[in-house]
Amino acid sequence: MSNLSSLRGRIRWDLAIMVASACLLFSLSIIFQDKGEKAMDISWAFFKEMAFVLPAVLVLMGLFGVWVDRRLVIRYLGEGSGIGGLLLAIVLGTLPTGPLYIAFPLAGMLLKKGARVANVILFLSAWACIKIPQELVELRFLGWRFTALRLGLTIALLVPMALLAEVVFHRHEQESALSPGGG
């Protein structure tokens with residue numbers, strides 16, 4: 001019952017933010033008419049993109065939630081997955097071609113199914129900055145030296161960053177659990 005009321009509260013909060021954002025957009029468009037029309041066009045383009053992409057993502061999330069076994073995620077991306085899990089997370093993040101906001105629901109599902117925090121961070125980071133189609137375009141326009149240097153440094157820095165972020169995440173979790181009123 002509390003989950004349902006919590007969900008309703010989040011939906012109300014999201015709707016309030018959406019209405020406030022729309023009111024702000026309309027107000028600023030009236031005040032700054034020269035930029036208002038362009039802001040409306042860009043907002044409408046993002047809205048259409050989200051309206052077309054998000055339903056498919058939600059269907060994929062539902063299929064992933066039902067068909068991918070939690071034990072499989074834990075085995076390959078969980079706490080005991082080691083270096084193989086880190087590499088697999090990077091590889092999985094490089095495969096898709098879509099905006100990063102599509103990856104967030106998938107990352108949330110991976111966490112719920114027992115994936116290690118560092119692996120989820122690597123998945124998101126790889127999705128954001130080393131997607132294979134993006135690398136091919138980069139190679140075409142910026143050359144192999146630039147691409148190899150950027151790719152090498154990105155991968156070399158992503159792993160320590162993800163491991164550090166995991167330590168900070170778990171430390172914060174422990175402090176929250178120990179504090180009065182915390183978890």
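Modeller: We can take a surface patch and then a loop residue. Keep in mind that this is a predicted model.

Biologist: Which residues make the nonpolar surface patch?

Modeller: V91, L92, L95, I132, L136, L139 and W144 make it. The patch covers about 690 Å².

Biologist: Which elements give two or more residues to it?

Modeller: Those are α4, residues 82-94, and α7, residues 132-178.

Biologist: And which gives the most?

Modeller: α7 does, with four residues.

Biologist: Where does L92 sit?

Modeller: L92 is in helix α4.

Biologist: Is L92 buried, partly exposed or exposed?

Modeller: L92 counts as partly exposed, because its relative accessible area is 34%, and that class runs between the 20% and 50% cut-offs.

Biologist: Switching topic. Where is S81?

Modeller: S81 lies in the loop between α3, residues 70-77, and α4.

Biologist: Buried or exposed?

Modeller: S81 is buried. Its relative accessible area is 13%, and buried means under 20%.

Biologist: What does the side chain of S81 reach?

Modeller: The S81 side chain reaches the backbone oxygen of G78, at 2.7 Å. There is also a polar contact of 3.1 Å between the side chains of S81 and N119.

Biologist: Leaving aside neighbours within four places in sequence, which residues is S81 in contact with?

Modeller: With that limit, S81 is in contact with R75, Y76 and N119. N119 is also the partner in that 3.1 Å side-chain polar contact.

Definitions and conventions: Residues are numbered from 1 along each chain as its sequence is written. This is a predicted model: local features need pLDDT of at least 70, side-chain atom pairs count only at pLDDT 80 or more; totals for chains, interfaces and linings use all residues. Side-chain values use heavy atoms; hydrogens and water are left out. Patches are made of residues with over 30% relative accessible area and no salt bridge: like charges are joined within 9 Å, nonpolar side chains (Val, Leu, Ile, Met, Phe, Trp, Tyr) within 5 Å. Accessible areas come from the Shrake-Rupley method with a 1.4 Å probe; for residues, only the protein chains shown count as cover. A salt bridge is a side-chain nitrogen of Lys or Arg within 4 Å of a carboxyl oxygen of Asp or Glu. Buried means under 20% relative accessible area, exposed over 50%, partly exposed in between (1.4 Å probe, protein chains only). A polar contact is a pair of N or O atoms within 3.5 Å; within protein, one must be able to donate a hydrogen and the other to accept it, and residues adjacent in sequence count only if both atoms are side-chain atoms. Contact means heavy atoms within 4.5 Å.
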